[in-house]
Amino acid sequence: MTDDVPSRRSAKPDGATAVARSGPKFAALTGLTSLAILLQGVFAGEFIDHGAHGGWLNAHDVNGYVVVVLALATAVYAVMALRATARPLAVGSVVLAVLVIAQDGIGHAITDNGSDGLIAVHVPLALIVFGLTIWLSLSARVMRRASSG
């Protein structure tokens, strides 16, 4: 008779359990990615209008690599841990990684090749990328809450 009564743990569908278990790690990765992207805006704000770039351009460049690594790590984790249970998070994470890589390429075209016209693409794309990290974070939270409730 006890076999017919589901335990608290087994009452959840397997997908909900996976989201609840993987959610905190995913949230940490998206949070770190968001922070690194926010820092990119701070660093850019320090050199974009000033004649002397100082070390801010270098900080922006180095942090750009950090953003790429974090976005790729987030995408790999999401695909491995969440693709079956939270497909929108996995797809969103892959889109984020692709956009971040494109953003990095555009940034290097601006600084290495002097293609200043690309700033008109680089800045709005940065806002889209940051918005996507916020969406990923909020969506993960909603899914975690739904799976734990």
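Author: Contact here means heavy atoms within 4.5 Å. This is a predicted model, where local features need pLDDT of at least 70, side-chain atom pairs count only at pLDDT 80 or more, and totals for chains, interfaces and linings use all residues. Residues are numbered from 1 along each chain as its sequence is written, and side-chain values use heavy atoms, with hydrogens and water left out.

Reader: Which residues does Ile106 touch, not counting residues up to four places away in sequence?
Author: Ile106 touches Leu118, Val121, His122 and Leu125. Ile106 itself sits in helix α3, residues 87-113. Helices are DSSP runs of H or I with at least four residues, numbered from the N terminus.

Reader: Why is Ile106 called buried?
Author: Buried means under 20% relative accessible area, exposed over 50%, partly exposed in between (1.4 Å probe, protein chains only). Ile106 has 16%, so Ile106 is buried.

Reader: What separates Ile106 and Ile119 in sequence and in space?
Author: In sequence, 13 residues; in space, 8.3 Å from C-alpha to C-alpha.

Reader: What makes His122 buried?
Author: Its relative accessible area is 15%, so His122 counts as buried. His122 lies in helix α4, residues 119-148. Beyond its neighbours within four places in sequence, His122 contacts His60, Gln103, Ile106, Gly107 and Ile110.

Reader: Why are α3 and α4 called roughly antiparallel?
Author: Two packed helices are described by the angle between their axes and the distance between the axes. Axes are lines fitted to C-alpha atoms, for helices over the stretch in contact, and angles run from 0 to 180 degrees between N-to-C directions. For α3 and α4 the angle is about 160 degrees, with the axes 10 Å apart. Angles over 145 degrees count as roughly antiparallel. So α3 and α4 are roughly antiparallel. The residues of their contact divide into 19 nonpolar, 7 polar and no charged. Here Ala, Val, Leu, Ile, Met, Phe, Trp, Tyr, Cys and Pro count as nonpolar, Asp, Glu, Lys and Arg as charged, and the others, Gly among them, as polar.

Reader: Why does Val79 count as partly exposed?
Author: Val79 has 30% relative accessibility, so Val79 counts as partly exposed. Val79 is found in helix α2, residues 56-82. Apart from neighbours within four places in sequence, Val79 is in contact with Ala90 and Val94.

Reader: Which residues of α2 are buried?
Author: Among them are His60, Asn63, Gly64, Val67 and Val68.

Technical notes
Helices (H or I, at least four residues) and strands (E, at least two) are DSSP runs, numbered from the N terminus. Angles under 35 degrees count as roughly parallel, over 145 as roughly antiparallel, 65 to 115 as roughly perpendicular and the rest as oblique.
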